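Try each task before you read its solution.

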Amino acid sequence: MDRIDLNKLVKIQQITNLDVEVGTEDSCITLRFGYWNELDSLQIDYINEVLGYTHKIVLGWEDWDSDCGYKYSYKIINK
């Protein structure tokens with residue numbers, strides 16, 4: 001996986017207007033927005049523009065939690 005600089009992560013946070021938690025899973029960077037918030041398709045498009053030609057963001061998983069509803073996690077992968 002190529003590197004992603006802090007400026008791109010800040011821009012991603014500005015697009016979503018949510019706290020961003022960065023992690024890893026299976027050699028991928030994972031992002032969680034707010035408390036497992038779902039991103040809309042426009043936010044995903046803007047984030048992919050920020051990531052450029054080497055990376056893209058995809059849904060990593062979604063899960064139903066009886067206490068708080070759906071939870072979403074995203075992965076940044078190489079194109």
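**Exercise 1. Find the residues that form the negative surface patch, and say which elements give two or more of them.**

Step 1. Glu-38, Asp-40, Asp-45, Glu-49, Glu-62 and Asp-63 form a negative surface patch.

Step 2. Helix H2 (41-51) and strand E3 (55-65) are the elements that give two or more residues to this patch. Glu-38 has its place in the loop between strand E2 (28-33) and H2.

Step 3. Check the terms. Patch residues have over 30% relative accessible area and no salt bridge, with like charges joined within 9 Å. A salt bridge is a side-chain nitrogen of Lys or Arg within 4 Å of a carboxyl oxygen of Asp or Glu. Asp and Glu count as negative, and the place of a charge is CG of Asp or CD of Glu. Areas come from the Shrake-Rupley method with a 1.4 Å probe. Helices (H or I, at least four residues) and strands (E, at least two) are DSSP runs, numbered from the N terminus.

A word on the source: this is a predicted model, where local features need pLDDT of at least 70 and side-chain atom pairs count only at pLDDT 80 or more, while totals for chains, interfaces and linings use all residues. Residues are numbered from 1 along each chain as its sequence is written, and side-chain values use heavy atoms, leaving out hydrogens and water.

**Exercise 2. Work out how strand E4 (residues 69-78) is paired and how many of its residues are buried.**

Step 1. Start with E3, which runs antiparallel to E4 and is joined to it by 10 bridges. (Two strands pair if DSSP finds at least two bridges between them.) Glu-62 has Tyr-72 in E4 as its bridge partner. The two strands form a hairpin with 3 residues between them.

Step 2. Turn to E2, which is also antiparallel to E4, with 3 bridges between them. Here Leu-31 has Tyr-74 as its bridge partner, and Ile-29 stands opposite Ile-76.

Step 3. Look at the cover: 7 of the 10 residues of E4 are buried, that is, the strand is mostly covered. (Buried means under 20% relative accessible area, exposed over 50%, and partly exposed in between.)

**Exercise 3. Asp-26 and Trp-36 have positive phi: is each buried or exposed?**

Step 1. Recall the background: most residues other than glycine have a negative phi.

Step 2. Asp-26, with phi near 50 degrees, sits in the loop between strand E1 (20-25) and E2. The hairpin of these strands has 2 residues between them. Asp-26 is exposed, because its relative accessible area is 62%.

Step 3. Trp-36 has phi near 60 degrees and lies in the loop between E2 and H2. At a relative accessible area of 16%, Trp-36 is buried.

Methods. Patch = residues over 30% accessible without salt bridge, like charges linked within 9 Å, V, L, I, M, F, W, Y side chains within 5 Å. Buried < 20%, exposed > 50% of the residue type's maximum accessible area, 1.4 Å probe, protein only.
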